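Biologist: I am new to this structure and would like to go through it with you slowly. Could we look at it together before I start asking?

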Amino acid sequence: MLKSQVLALRLLWRNWRSGEVRILAGSLVLAVAVVSCISVFTDRLESALTAQSHTFLGADRVVRSSQPIPSDWQVLADKYDLRTATKTQFASMVFAGNEMHLAAVKAVSDAYPLVGELTVSQQPFVTDKSLITVAEGGPPAGEAWVDSRLLPLLQIQLGDQIVVGEKPLTATRVIVDEPDRGSSFSAYGARLLMNEADLAATNVIQPGSRIGYGWLVAGDENNLESMLAELAPKLTSHEKVVDVESAQRGLARTLDTARKFLMLSAMISVLLAGVAIAIAARRFANRHVDQVALMKSLGAGCSSIRQLYGIQLLVLGVLASVIGLGLGVLLQEVIASGVSSILPVALAAPRWTSMLPGILTGLVCLVFFVAPPMWHLPTVPPLKILRRELAVNSVSFYWQALLGLLAMVVLVAVFSGDWWLSSSIILAMLALLLLVAVFASILLGLGQRLGRRAGSVWRLALASLQRNSRQSVVQMMVFALALMLLLSLTSLRTTLLQDWKLQLPPETPNHFLLNITPSESPQVAELMEQQNLNVQQLFPMVRARLTHINGEEPSEDIRKQAEMLRREVNLSWSDRLNSDNNVVAGEWWDHWREPGIAGVSVEAGAASDLALELGDDITFDIGGLTLEARVASIRTLKWDSMNPNFYFLLSPGALDEFSPTYLTSVYLPPEKKPFINQLLGRFPTVVVIEMDRVIAQIQAIVAQVSSGVELMLGLVLLGGFFVMWAAVGSSMEDRMQEAALLRALGSSRHRLLGSLWIEFALLGLFSGVMAAAGSEILLLSIQYWVLDIPLSFHWGIWLWGILGSALLVGTLGVLSCRKVISTPPGLMLRELS
Amino acid sequence: MLEAQTLSKQVTTAAGTLTILNEVSLCVKAGDSLAITGSSGSGKSTLLGILAGLDEPSSGQVKLHQHEITALNEERRAKVRADHVGFVFQSFQLLPGLTALENVMMPLELHGVANARGKAEFFLTRVGLNGRLHHYPKQLSGGEQQRVAIARAFASEPDILFADEPTGNLDSETGAHVIDLLFELNREQGTTLVLVTHEQRLAEHCRQRIRLEGGKVIERKPCEAA
Ligand SMILES: Nc1ncnc2c1ncn2[C@@H]1O[C@H](COP(=O)(O)OP(=O)(O)OP(=O)(O)O)[C@@H](O)[C@H]1O
Ligand SMILES: [Mg+2]
């Protein structure tokens, strides 16, 4: 028993030495490496992103409530070993001397924030990073930390006193960034952050005042879930658990596309490696028929042969998987270290579970690609040793291909969790193979006729293709397949990168200006004009509450799913559509026939939440006044376009009587950043929301992920190379034999080389044509169904695919045959016999 | 040692049933030698395959070293081959990826023989190849390759050795050398030899000779057998 294992290892070593298992091992390693690299990396990226969005909450979960947080909740949190903090938010007049301002006050407990960073500075409107520090908690009792703009608004300096209700606090820091600020426009007043301990003394919390309470929780995810499950029955309709989904849609989308692309590359490289493995395994098996026949004639039984080869494969598989896994983890570490400096949060440590797909890949490749061609080896009759011509029963090429494809579907689907994507790729591959089989036969027939009339070198080449027609067809299939996948991936990458750039075109507005009064608005516009800033439209805006739909109060069901019913929404009007808005139902104002009441255009998501249809009447409460409007159109829009966007856009003039304020967005290049100070100096009540940091972050991440994508592409190309190499190699013996014979018969080296080149270049050319067609179809469907980006044709793949393929395959063929050309024919024949 | 009774072999082809062997009987004693001759296509290789337990006859029996191998399944025949049988082939059948030494070690390793390396070296030295242990088959001449094959066959010390045209691919001088080697080892180790050949010279070395034609024994020397 032990002896046969030692023998198996020894045989494996000898096979390795004679080069027979190298392509096999190389492809296995590559497959495992690529898969584990990508799965480990995306897993880390995903957990980092989740963590990042947690920072936008300031916690892992927040329970929002309009009632004070019951004290028994804390007991529950302690039971599950969770960290907690509380916050209380309300709008309140704050005073300094004769000045006052309606501030957005937030009182927090000492532990705040649980996740993410609260950054502060001693200097208002700071841009210098070295002056910004990370606070270790909220402000201590007796202090207030404030938005920079509150200082000019109240005409005070840091160190001066601000009175909140009845409690005087000392303004000690300005807030640069707080994790749970949110990007909603409801942040009207300037922020004032204070300690919860001072809250009672302010005396602002009276029955009936509108207060938002938040209970922040963080800790182990399982414990969190258990705690929330236990908490759920206690929650009333006033309370709502907020998780991380809602955070940062734009970045999430970009990264999701990137993740999909990486997945796609992984799948494609696994497919390529699978093909290479299958070819190499087939070749290995063919070469070992004689060895097995010999061993059987020497008395080795079927079972011991099976054992010998089984152990070899197992050891090879395990070794390749381990090496592949190691390489993959190393590689993702390289990518990760490049990305980590830009990601807003540290990447999570690699998890063991994310290495499973890699190991699984090794196993699947072993079972479905390596084992089938080897399966018949133990049944090779010993008589084969006496009768060379004896047929060996073997798994047919087509069965093997089918089995492999099946394995691929499963692997790819399990791996990506995306059955759609994997089956479309596999279908495209099947279609391509069919196409190739048909066209290759036709082309070969055509070639034969042409060959009769051609010069001698061409005749030689075409005749050789013709003679090995079965093999030529199979080779063309493999080349075309590899090329199709490579071409698709390369141009997909280009499309993607362009798409990402399109998402955030240069000069995307990176600052929002809100709360501009009607009298200020011409002056603000003028000031921006003076600074050569690109002034967008100034949108009027009023805060309103949706009270009735078709004269009735919204039902309980609608109330549950439409969060906007529980808070105020922003209304605006406009006579032109933002470029990212699309009317999907009804008419925009230019075609709308006024029915005698105001019209409103509703965002599609809001319309479905509220079950609104065209022609419905909705009633808004605007500071005690009512406004009725009829739904005139439904719009889709892109929230991540950085343009001011509204759920409800009214018909022109409908809001004029409701004293709107104005808002706009503007692109400020870094050197024009001081404009904010100038603006706020003149118009202290204007609110500026700075999006530039977020945008810079998104762009940096996109750049890094792009380079990760390029790296992947390199690996996939390597996989493609393996396939081609394996395919060229698989026919090499026959071709060498022929070439050696021809040389022995006096054919010149030149002629031989020329004909070999032509032979392989033709193979490459045919494959290129079919690969280009296949990948065009595949690309269009991926664009349409998977990535959801605009369709575009790819003339480049036709040009480069066909030319490159002819050159590459031709060169590969000549390179692997160069031995025949350079060795004296006599010696060559002896080596080959 | 080896006894065959009324061996017949038919195969069905598209053109109908083809009789390759027709009631062949023979008997070889331990330490003896038998040559099977005949023109091409007369059924020599087929007979050898059946005698060695590589193939099954359509009818008749083969007894090899007390085992009636025609009654055994392939797995059990393999065991008999492992214990008693060695082969030398016309086309040498060396594994191209292995060195001469490893080729000889192969059956020993397969049978789990202790000190396979030492034994292999010993037999390679016996056939005069001690200087070429680590050469690959393609670096050796045809005669040298056949000597490696002979070393491989004798290294497992078989009771009976089957050879199908062992000199077929060699020039007459090299062939003569290989023949000498075979019989030298036959004498030393008492190995029974069964050879297929169409070379008169080789056949004459053997104590027994049969001649096949169209699957039938048409000549038998000396006549006492069967
Ligand atoms: N399985 C088979 N199917 C059809 N014909 C067969 C089969 N096995 C052997 N034959 C035929 O039987 C005849 C004898 O074959 P065999 O190989 O035994 O001849 P041989 O005497 O060894 O010839 P040579 O000297 O050329 O090696 C040949 O004509 C061969 O074609
Ligand atoms: Mg023969």
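This is a predicted model: local features need pLDDT of at least 70, side-chain atom pairs count only at pLDDT 80 or more; totals for chains, interfaces and linings use all residues.

Modeller: Residues are numbered from 1 along each chain as its sequence is written, chains are lettered from A and ligands numbered from 1 in the order in which they are written, and side-chain values use heavy atoms, with hydrogens and water left out.

Biologist: How far does a side-chain N or O atom of B:T46 lie from an oxygen atom of ligand 1?

Modeller: Polar contacts here are pairs of N or O atoms within 3.5 Å. A backbone N or O atom of B:G41 is 2.9 Å from a ligand 1 oxygen, and a polar side-chain atom of B:S45 is 2.7 Å from an oxygen of ligand 1. For the side chain of B:T46, the distance from an N or O atom to an oxygen atom of the ligand is 2.5 Å.

Biologist: How are α14(A) and α17(A) oriented to each other?

Modeller: In chain A, helix α14 (residues 521-530) packs with helix α17 (residues 675-682) at an angle of about 155°, and their axes are 12 Å apart. Angles over 145 degrees count as roughly antiparallel, which makes α14(A) and α17(A) roughly antiparallel.

Biologist: And what is the orientation of α4(B) and α5(B)?

Modeller: Helix α4 (residues 116-126) and helix α5 (residues 142-155) of chain B pack at an angle of about 130°, with axes 9 Å apart. Angles under 35 degrees count as roughly parallel, over 145 as roughly antiparallel and 65 to 115 as roughly perpendicular, with the rest oblique. The pair α4(B) and α5(B) is therefore oblique.

Biologist: Which residues does the cis peptide bond join?

Modeller: Most peptide bonds are trans. In the loop between β3 (99-108) and β4 (118-121) of chain A lies A:P113, and the cis bond, with omega about -10°, joins A:Y112 and A:P113.

Biologist: What is the phi of B:E23?

Modeller: Most residues other than glycine have a negative phi. B:E23, in strand β2 (residues 16-28) of chain B, has a positive phi, near 45°.

How values were computed: Axes are lines fitted to C-alpha atoms, for helices over the stretch in contact, and angles run from 0 to 180 degrees between N-to-C directions. Helices (H or I, at least four residues) and strands (E, at least two) are DSSP runs, numbered from the N terminus. A polar contact is a pair of N or O atoms within 3.5 Å; within protein, one must be able to donate a hydrogen and the other to accept it, and residues adjacent in sequence count only if both atoms are side-chain atoms.
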